[in-house]
Structure formats: C-alpha cells, structure tokens
Amino acid sequence: LPFILLAPFVGALADAFPKGRVMLLANGLKLGAAALMAAGFNPLFCYGLAGLGAAAYSPAKYGILSQLFGPEKLVKANGLLEGSTIVAILLGVVAGGWLADQGLAWAFTGVIGVYALAAAVNLLIPRLPPEHPLARFDAAGLLREFVAGLASLWRDRDARFSLLGTSVFWGTGSTLRLLLFAWVPVALGVAANQMPANLMGVVSIGIVLGAALAGALVRLETVDRALLGGILLGPLVILFAQQTALLPAVLLLAMIGAAGGYFVVPLNALLQERGHLSIGAGRALAVQNLWENLAMLGFVGAYALLEGLPVVNVAMGFGAVVLVGISALALGRRVSVNDA
C-alpha cells in the first residue's frame, strides 16, 4: 500500500534532495520499524512503517544510477544492482531463518544491525545535486505533477514499453511465488513449505545470471534484445507446470529466472534514462512502482479467483497469458518503432 498510495510523493522527494541522503532517511525509517517491533509494538504498524521506508528508498536507489552513470553504462549498472539485490534477498532468507531458529531476539538484533550498517554505508554515497528541487511541499500540486508525469511517460514510447514490461515481470513473479506453494505438493508430492522457498531461491539465482547476461549483451540502443527473455517466460512456465520430477523443475525455474532477469534489467535502465531526461528519475521510478504494484495486485487477485481449479492447469494457463501479453508488447513495440 505505501508503494501505491505514496507514489505521487516519494518520487518527488527522491528528486528534491540528494538521493543518497533520501536513502539514509528511508533506511532510518526501516531501522526504527525493526527497533519498535523488537520493543513489542504492533507488528502491522511496524511493517507499515518499514513499507513507508521501502517506498521512499526505491526511487532514490534506482534513480541515482542515471546521475552516477551515462547511458552507455546504465544497463550494466542496473544488472549489478539487480543482481546484488537478489543475492541480498537470498542471504536474508537463509540468515533470517537461521537467526529465527536461535530465537526472535537474535533475529531482531540481526535485522537492526543490518539496517544500521546500511544507513552508515549510505553516508559513503556521493552527495549529488537534486534533480528537481522543491520550493515548498504542496500535496495537491505534487499529485497533479504526478498525474502529469504519468501521462508524459505513457506518451513516451520507450517509457511506456518499460512500464508495461516491468509490470508484467513483477506480476508474473508474485504469482509464480504463490503457484509454487500450491504446485509442489501436487506435482512433486512434497508437503513441506521449505521446498517452494528453495525453488524460489533457484528462480532468484537465475535472475542474477540473467541480469549479468543483460549487462554484458544489451545497451540502451539495443534494448529490444531484452524482449527475447520476456517472450521465453511464458513457454518456460508452461513447460515447468507439466514436470513431475525435481531436477527438470529446478532447471526450468533457473531458466525462468534467467529469462526474467535478462528481460527486466534493460527495461529498468531504459525508464531511468527516459525519466532522467524528462520528469526526473525519482518520479519515473515512483510511477513504475505504482504500475508494478498494481500489476502484482491484479495478477495475484486473478490467481485467487481460480483457487480450487487443478493447479497444473492454472499454471499452464498463467504461462499462456504471460506469453500472449509479452508477445502483444513486442508487437506493439515493433509497430511504434516503425511509426517513429
């Protein structure tokens, strides 16, 4: 909810101040949320506060790349950032599970310590000038600016391509996570929840590999190459849904992750560049967060409506929808390029 409701404001915040300092403030909020939860405050309130920090952090984290790197290095920088983020998630899942087994006090100490370290590292980020300083905070004005910026990005064929593509990717990822928990007991006969979590880890490793491949092979001027990864997502999901053995399922999930990483990283870089040249990278990333979180809600909501149907059929249908969606995006991209 913070990513959706605060989208008109967090992007403007990221562009109005040095982005490294915005990241410091956002990590401070997450640090405070962890400390309050450790002190016994309402967990939902604490998660909401952490979500507020995360919503403010994201536009600054990705938006700063267009200020640090030129267009020729932006895809590679995104690949490194995306890859390191996925590695952090994997390490967090493993370390968090181990710490929680030792006791909640250890888990909270670990989370608070890591957030404090992250905040300290934020101080090492170069202090860059604000992209779009604000003379004063005007909520209504920022909302109008956000709507205008959203419309401006939608009219830009490159920005529109990025918004649609990344939204489909994250909608796919959120649904796949839920599908795995329903699919594993049926297809593999394993009831433990650890197995779906491990398989999501395999997807994450694939995303790291795909992100690295994109950083090596794709530049902004050749960004359409990323569509290959997107088009492969649907068929790979369809093939995965039909598996009944662990090894081929693992291989296919790794390929799904790699295709996704190869697809999404160049599109992230493309939006940062278009946003930097128009409404500001922070504002553009806030628009992207809005689209992606709405897509995740839509995909997961549609999946929830299908509850009770055979999970293998649902997974295959899901893969078919992704294939049709990305193919339509590729066709629209080709038409728009020809028109240009």
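Visitor: Let's start with Lys-19: with which residue does Lys-19 form a salt bridge, and how far apart are the closest N and O atoms?

Guide: The general idea is that side chains of opposite charge can pair when their charged atoms come close. The rule here asks for a side-chain nitrogen of Lys or Arg within 4 Å of a carboxyl oxygen of Asp or Glu. Lys-19 meets that rule with Asp-15, the closest N and O atoms lying 3.1 Å apart. Before going on, keep in mind that this is a predicted model, where local features need pLDDT of at least 70, side-chain atom pairs count only at pLDDT 80 or more, and totals for chains, interfaces and linings use all residues. Residues are numbered from 1 along each chain as its sequence is written, and side-chain values use heavy atoms, with hydrogens and water left out.

Visitor: Are Lys-19 and Asp-15 buried or exposed?

Guide: Both are buried. The cut-offs are under 20% relative accessible area for buried, over 50% for exposed, and partly exposed in between (1.4 Å probe, protein chains only). Asp-15 counts as buried because its relative accessibility is 0%.

Visitor: What is Arg-283 in contact with, leaving aside its neighbours within four places in sequence?

Guide: Contact means heavy atoms within 4.5 Å. On that basis Arg-283 is in contact with Gly-11, Ala-12, Asp-15, His-132, Leu-134, Leu-142 and Glu-145.

Visitor: How many salt bridges does the rule give?

Guide: The count comes to eight. Arg-274 and Asp-156 form one of them, at 2.9 Å from N to O. Here too distant parts of the chain are linked, with Arg-274 in helix H12 (residues 246-277) and Asp-156 in the loop between helix H8 (139-155) and helix H9 (157-187), 118 residues apart. Arg-274 is partly exposed, with a relative accessible area of 26%, while Asp-156 is buried at 19%.

Visitor: Now helices. How do I read which side of a helix faces inward?

Guide: An α-helix has 3.6 residues a turn, so residues three or four places apart point the same way. Take helix H3 (residues 19-38): its buried residues are Lys-19, Gly-20, Val-22, Met-23, Ala-26, Asn-27, Lys-30, Ala-33, Ala-34 and Met-37. They cover an arc of only 155° around the axis, so they are on the same side of H3; the arc is that of the directions from the helix axis to the C-beta atoms.

Visitor: What covers the buried residues of H3?

Guide: The cover includes H2, helix H4 (43-63), helix H5 (65-68), H7 and H13. From H7, Asn-122 touches Gly-20, Arg-21, Met-23, Leu-24, Asn-27 and Tyr-57, not counting residues up to four places away in sequence. Asn-122 is buried, with a relative accessible area of 3%. Ala-56, found in helix H4, touches Val-10, Leu-13, Val-22 and Ala-26, with the neighbours up to four places away again not counted. Ala-56 is buried as well, at 8% relative accessible area.

Technical notes: Helices (H or I, at least four residues) and strands (E, at least two) are DSSP runs, numbered from the N terminus.
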